[in-house]
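Good morning, everyone, and thank you for making time for this.

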Amino acid sequence: MQEHDLMAASEAYFAERRKLGFKDRESGSRIHSFARYTVMKGHSGPMTAALCLEWARQDALYEQPFTWANRLDDLRPFAKYLASLDPQTEFPDGLPFGTTARRITPHIYTDAEIQRILTDASQLYPLGGLRPSNIKTVIGLVAATGIRISEALGLQISDFDQTGSTLRVLGAKSRRERRLPLHPTVHRALTEHLRIRLRHSPTEQTAPLFISTWSGGPLPYATVLWAFRRIVTKIGIVPRGGYAQPRIHDLRHTFICRRLIAWQKEGVPTDNAMLALSTYVGHASVADTYWYIEGIPDLMALAGARFEAAVDPEGGSKDRKS
């Protein structure tokens, strides 16, 4: 390995961690992303603080300092590893983008917005081909089931049980398996996608459900993201949350919020419903599900109305002296 070959250094870093029994998921992909970025930039020296900051905020148009802070946080262990090999290694001091311990209000999509996105996705070139089927189906699946985009892209053909109308999902964070019942419309959409998909690639049950039209391998996240951003920009969706642009991940937030709003309106007991929803969407803690009640204005308003009704069943209709 050359002294300042950061790509080779990243491979050596992960090789050591695998020997110790670590399984790097999202943080690992970000370290690989950083290493590829240094190659793209033609960087040949040690890690520098400026290079780290530049990489962390390379997509500044669509993302917020919170995201940049998370990227730097994932890069920190790799920087410590490099510093043990090369004292010239630099890493940004302090918290240049602020803390990672915060949550930003997401964009909650309307039914009309989701329908427009799916309609435009189905009209991608070539009409009736694998590309529009990939984009429409994977976006629709996230919107209809609330699974993470990474979970959707990691699905295999065998994960879709057509007979039982269920979907087996391997959690992106917990790695725990969960099996989700599917609405008939979702079942039909996946069946139609599978019909188109099987015309283009091997049909082994362990093959990816969503495949790249170029490589035949798993559909890359970057491909879906590029198409999604083009569609959102084209139809002119204006962001209503705390992010600069609506995101694919906001479809997951939308699914969770809609379910909670429906339960709030129906008067469903909160605790049992929260536990069921937390399990369904694969939250590591039920506290992550409760956050939506205080983090989304519409849910907060409904929760407040239910509280007022509980403490004042007569709705404030008591006689008052003028």
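Let me begin with a definition: two strands pair if DSSP finds at least two bridges between them. The helices (H or I, at least four residues) and strands (E, at least two residues) that I mention are DSSP runs, numbered from the N terminus. Residues, for their part, are numbered from 1 along each chain as its sequence is written. What you see is a predicted model, in which local features need pLDDT of at least 70 and side-chain atom pairs count only at pLDDT 80 or more, while totals for chains, interfaces and linings use all residues, and side-chain values use heavy atoms, with hydrogens and water left out.

With that in place, the protein chain contains 13 helices and 3 strands. Of its 322 residues, 44% are buried, where buried means under 20% relative accessible area, exposed means over 50%, and partly exposed lies in between, for a 1.4 Å probe and protein chains only.

Let us turn to the strands. How many bridges join strand 1 to strand 2? There are 2 bridges, and these strands run antiparallel; in one of the pairs, Asp 161 has Thr 166 of strand 2 as its bridge partner. Strand 2, which covers residues 166-170, also pairs with strand 3 in the antiparallel sense, over 5 bridges. Taken together, the 3 strands make an open sheet in the order 1-2-3. Strand 1 (160-161) and strand 3 (177-181) are at the edges with a single partner strand each, so one side of each has no neighbour in the sheet. On strand 3, Arg 178 and Leu 180 form the covered face, whereas Glu 177, Arg 179 and Pro 181 form the uncovered one.

Now look at the turn of the hairpin that strand 1 and strand 2 form, with 4 residues between them. Ser 165 lies in this loop and has a positive phi of about 55°, although it is not a glycine. Is Ser 165 buried or exposed? Ser 165 is buried, with a relative accessible area of 18%. Leaving aside residues up to four places away in sequence, Ser 165 touches Leu 180, Pro 181, Leu 182 and His 187, a contact being heavy atoms within 4.5 Å.

My next stop is Val 281, which is found in helix 11. Val 281 is buried, with a relative accessible area of 1%, and its contacts beyond four places in sequence are Arg 148, Arg 178, Arg 252, Phe 255 and Ile 256. Val 281 and Ile 147 are 134 residues apart in sequence, yet their C-alpha atoms are 6.0 Å apart in space.

Another local detail is the peptide bond from Tyr 125 to Pro 126, which is cis, with omega near -5°. Pro 126 sits in the loop between helix 5 and helix 6.
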